[in-house]
Amino acid sequence: MTQQGHVRVEDVEIRFKGKEGPVTALAPTTLDLAPETFTALIGPSGCGKSTLMNAIGGFVEPSAGRITLDGVPLDGPPEQIGVIFQQYALFPWFTALDNVRFGLKRFRLPKAEEIDRARGALEEVGLLSHADKYPQELSGGMKQRVAIARTFAFGPKVLLMDEPFGALDAQTRIVMHELLLGVWQKHRATVLFVTHDVDEALLLADDVRVMSAAPGQLIRHHALTEPRPRALGRAGSDMLAIREEIMTLLRPTQPAE
Ligand code: ADP
Ligand code: MG
């Protein structure tokens, strides 16, 4: 079967019950994630990025509108969707290998095959030599690599990443960007990547979607065709101009005196 992973968000609005009545976390939003593309979602804190992502992951039910995966309306968390959060979400009592194996459990593979696949996934992220380490013995970057291995090992159609590298230092982030792009280009999956770092969005994505301040709405779309690996200041590139434009959009407006 060919891999699809076409996500459609149609007029989705999300409200939560607040202390003083309902709070709109996401204003009506329509978004199309074409199969196997990489979309970055950027916007100010609290604008609803995680809420939109959680809705696509099937963890939050839209108050209005609908979300489909390959034409089928979502009804709870779909198995074909992988999720990676900023917090590493590894089981502390499992080794790196067993954390990756956990992601494969539902396939009920023969044990030897399950281990082989998990080891292969760890090798792809450069961590095979750390297979028997526990999360607390790994650096933040290594933990995220295990999370990436765990997700790609099961072959998701869609990968949702919510500020996955937000807790990492600048140097480690650069390494993780290369690693993620490498693994993604090999396996393909439709990626939605939330960040509040404009440069990260521009370096990684095919499509950059900008959200307004709360209640969030998509206000700008830039399609990026620059070949990867990218560098923001490359001659002839319009990425710096796009960067300026997005930075201006995201700059908080000064409250009136
Ligand atoms: P972002 O990820 O862009 O920082 P969120 O999607 O986390 O923003 O939150 C958007 C808004 O929705 C915020 O005002 C937040 O407080 C509110 N919100 C998020 N989840 C809930 C919830 N489960 N209950 C009530 N309010 C929520
Ligand atoms: Mg968030």
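**Cavity and ligand**

Modeller: Bear in mind that this is a predicted model. The lining of the largest cavity divides into 1 nonpolar, 3 polar and 3 charged residues.

Colleague: Which residues line the largest cavity?

Modeller: Glu163, Phe165, Gly166, Arg173, Thr195, His196 and Glu200.

Colleague: How much space lies in the largest cavity?

Modeller: About 40 Å³.

Colleague: How do you look for empty space anyway?

Modeller: You roll a probe the size of a water molecule over the atoms, and that shows where empty space is left.

Colleague: OK, switching to the ligand. Which residues are around ligand 1?

Modeller: Phe16 and Ala25 are there, along with Pro44, Ser45, Gly46, Cys47, Gly48, Lys49, Ser50 and Thr51.

Colleague: How does that shell split by class?

Modeller: The shell around ligand 1 has 4 nonpolar, 5 polar and 1 charged residues.

Colleague: Which helix gives the most to the shell?

Modeller: Helix α1, residues 49–56, with 3 residues.

Colleague: What about polar atoms? How far is an oxygen atom of ligand 1 from the side chain of threonine 51?

Modeller: An oxygen atom of ligand 1 lies 2.5 Å from an N or O atom in that threonine 51 side chain. For glycine 48, a polar backbone atom is 3.0 Å from a ligand 1 oxygen. For lysine 49, the distance from a ligand 1 oxygen to a polar backbone atom is 2.9 Å.

Colleague: And how much of the accessible area of ligand 1 does the protein cover?

Modeller: On its own, ligand 1 has 560 Å² of accessible area, and the protein covers 57% of that.

Note on methods:
Residues numbered from 1 in each chain as written. Chains lettered and ligands numbered in written order. Predicted model: local features only at pLDDT ≥ 70, side-chain atom pairs only at ≥ 80, totals over all residues. Heavy atoms only, no water. Near = heavy atom within 4 Å. Polar contact = N/O pair within 3.5 Å; in protein donor to acceptor, adjacent residues only side chain to side chain. Areas by Shrake-Rupley, 256 points an atom, 1.4 Å probe, with all protein chains shown as cover. Helix = DSSP H or I, 4+ residues; strand = E, 2+ residues; numbered from the N terminus. Nonpolar A, V, L, I, M, F, W, Y, C, P; charged D, E, K, R; others polar. 1 Å grid on protein atoms, 1.4 Å probe; cavity = no way out; pocket = protein on both sides within 12 Å on 5 of 7 lines; lining within 4 Å. Points joined across faces, edges and corners; volume = space filled by probe spheres on them.
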